[in-house]
Amino acid sequence: MLKLIGAALLLFAGTMAGFAQSLALARRPRQIRELIQALQRLETEIAYGMTPLAEALASAGRPLSEPVARIFRGAADRLLGPGQLTAEACWQQAVEESWAGTALREAEREVLRQLAYSLGVSDREDQRQHLKLAVAQLQAEETEAAEQNRRFGSMWKSLGVLAGALLVVLMY
Amino acid sequence: MLESITAVLPPPLRSALTRLPAQTAALVEEVRIREGRPLEIYLAEDSSFVTPTGVLTSSAEAAYRPTRDDCRILLDLLTEHSVYTREEELKKGYLAMAGGHRVGLAGRAVVEQGKVKLLRDIAGFNLRIAREWKGAAEAILPYLLEEGGAGVHSTLLLSPPQQGKTTVIRDLARLLSSGGGPAGVSRRLAPLKVAVVDERSEIAACVRGVPTFDVGPRTDVLDGCPKAEGMMMMIRSLSPHVLIADEIGRPEDAEAVLEAAHAGIRVVLTAHAGSLEDAKRRPVLRRLLEDGAFARTLLLRRTRGAPTAAAIYGRDGRRLDPAGAASPAGMSGAAGGGGARC
C-alpha cells in the first residue's frame, strides 16, 4: 500500500517538474516581449517627452505584469531615493534584485547590464540609439526563446511524466 | 551655503569639501572640478587647492584630483540622471542648479553645421555658489534714481565676471519693487512693477516658477526664458515699469531693449565688460550706447568683497562722478547734480 502511494507521488512529482520546466520556457518569450515594450515606451518618454529618467522608468514599467514591472519600479524608486546613486547603479541593483523572480536568462541580463551604462547619461539622440540597440538584441533573444518554447515546451511535459513512470517501474 | 551643493557631489569630493573649516566654507564662491587636475576652490578672489581631507593647500601635488568616475557621477547627479532633459543648457555650456547656483561646463563640443550642438565628455565643472545678499545694491541705488524719485533711470551695469553683477541686480529688483528706498537715501522711491527675465535661473533661482531669493513683492519672474523673447513677452503682457535682465550681448537683445525704451519702460541690465571703452567695442552694446538707451552706465568693482560703483556715466558717455571718488556718500551728491539732464 505504502509502495503504491510512493509510486503515485513519484509520478506526480515527475509530471509537475516537467510542467514547471515547460512553463518557464513559455514565460521567457512573454517576459522578453514585455521588456521590449517597456524599453520602447521608455524611448518615447525620453526622446519625445523629455521626461526625467525616474518618471520615465516608472511610467514605462506601469503597464507591465510582475515580475518585469518590478525591475522598472525598483530602478525608479532608487533614483528618487536619497541614496545619491547614479542611474547606472540604480538600474543594476534593480535588475539584480528582481532577477530571481523572472524566467529570463543570462543573454537578456547582459543586454540590460549594457544598457545601464548609457541610461540617462547622454543626449536624446544617443539615448534613442542605445535603447533601439537593446530592443533589437532583445528581439533576437525573443525569437530564439519562442523557438525553444515551441520545440521543447511539450517535450518537457511528456519527459516529466515519463521520467516519473520510469522511476516507478524501477522501484517495482 | 556649501551644503546645498555638496548633496550633488560624488563621495570623495563631498568628503573633502564637507571637512573644510566652517569659516572657509562660508566664503567659498567657486568650486572648480577638473578631471585629473587638482580640486580648486575660490574664496573671493583667492584660489586654493583642496586635499582629500579638506585642508587648503597651495601645492598641486597634495590636492585631490577628481577622477573620470567622479566627473561622470557629478554630471549624473547634477542632471538628476537625465542629461537629455538639459540639452539646451548643455549647448550653452552651463547647468542651473536648485538654489540659483550655476555650473559652468567644459568638455568636448559636438558641432553641427558650425553651431555647438552639445557638450560631450564633460571634464571641467565650475560650481558657482549663489548667495543672496540683501542690501548689496543699496550703495548703488541712489545713482539710478530719477530726479524727484519718481522712477529709475535705464541703466547698464558693466563689470568683468565675478564682480557681483548678479547679486547687485537681484537686490536692485528687491529694492525697486519694495519702494521707499533704503536707509540713508533721502528721496523716497515709489514702488515699481518689476519684471525679471531670468534666462539662467540665477537672479531669482525659481523653483517651479516661484522665486527662492527675495526679489521684492511686486516682481514677476520669467524663468528660463531667452532674454530677447522674454523681454518682448513681458513688455506686451505684464506692463512692467522696470525690466531687469542679466548678461545681454546678443543682437536680438538690442532689439528688445530698444523696444522697451520706446515703450517707456525702464531697463536695468548687466553685461560683461572691463570698462566703458570695452563695452563700446562690443557691437550690440555699442549700438545701445550710441542710441542712448541707457541714462546711466555703471562700472562695478568689488572692493573689500562689496560691489561698488567704480565709475558712473551719463547718457552721452560723460563721467558723472568725480573720478576716483569711491565713497557712496561722496558720489551720491555728484550723481544728483550730474543727473539733471537725464
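**Interfaces and local features of a predicted two-chain model**

Across the interface of chain B and chain A, 2 salt bridges are found, a salt bridge being a side-chain nitrogen of Lys or Arg within 4 Å of a carboxyl oxygen of Asp or Glu. One pairing across the two chains is that of E88(A) with R72(B), whose side chains meet in a salt bridge with an N to O distance of 3.1 Å. There are also 7 residue pairs in polar contact between chain B and chain A, both residues being at pLDDT 80 or more. Here a polar contact is a pair of N or O atoms within 3.5 Å; within protein, one must be able to donate a hydrogen and the other to accept it, and residues adjacent in sequence count only if both atoms are side-chain atoms. On the side of chain B that touches chain A, two or more residues each come from α4 (68–78) and β7 (115–128) of chain B. The helix α4(B) gives the most to this side, with 4 residues. By residue class, this side of chain B divides into 7 nonpolar, 3 polar and 6 charged residues, where Ala, Val, Leu, Ile, Met, Phe, Trp, Tyr, Cys and Pro count as nonpolar, Asp, Glu, Lys and Arg as charged, and the others, Gly among them, as polar.

The model is a predicted one, in which local features need pLDDT of at least 70 and side-chain atom pairs count only at pLDDT 80 or more, while totals for chains, interfaces and linings use all residues; side-chain values use heavy atoms, with hydrogens and water left out. Residues are numbered from 1 along each chain as its sequence is written, and chains are lettered from A and ligands numbered from 1 in the order in which they are written.

In extent, the interface between the chains brings 16 residues of chain B into contact (heavy atoms within 4.5 Å) with 19 residues of chain A. Chain B and chain A bury about 1,400 Å² between them, 51% of it on carbon and sulfur atoms; this is the accessible area (1.4 Å probe) that two parts lose on being put together, summed over both.

In chain B, 11 residues of domain 1 are in contact with 9 residues of domain 2, and the two domains bury about 1,000 Å² between them, 36% of it on carbon and sulfur atoms. The count between domain 1 and domain 2 of chain B is 3 salt bridges. R302(B) pairs with E29(B) in a salt bridge, with the closest N and O atoms 3.1 Å apart. Between the two domains of chain B, 2 residue pairs are in polar contact, both residues at pLDDT 80 or more. At least two residues each of the domain 1 side that touches domain 2 of chain B are supplied by β1 (28–34) and β5 (94–96) of chain B. The residues of this domain 1 side comprise 3 nonpolar, 2 polar and 6 charged.

Over all chains, the whole structure holds 34 salt bridges. Among the salt bridges is that of E43(A) with R128(A), the closest N and O atoms being 3.4 Å apart. This pair links distant parts of the chain, with E43(A) in helix α1 and R128(A) in helix α6 of chain A, 85 residues apart. Helices (H or I, at least four residues) and strands (E, at least two) are DSSP runs, numbered from the N terminus.

Two backbone features are worth a look. A cis peptide bond with omega of about 0° joins E66(A) and P67(A), and P67(A) lies in the loop between α2 (53–61) and α3 (68–80) of chain A. H81(B), a residue other than glycine, has a positive phi near 65° and is placed in the loop between α4 and α5 (87–92) of chain B.

As for confidence, the mean pLDDT (the predictor's confidence in each residue, from 0 to 100) of chain A is 83, and 99% of its residues reach 70 or more. For chain B the mean is 82, and 90% of its residues reach 70 or more. Residues 324–342 of chain B have pLDDT below 50, and this stretch has 28 contacts in the model beyond near neighbours in sequence. Where pLDDT is low, the predicted coordinates should not be read in detail.
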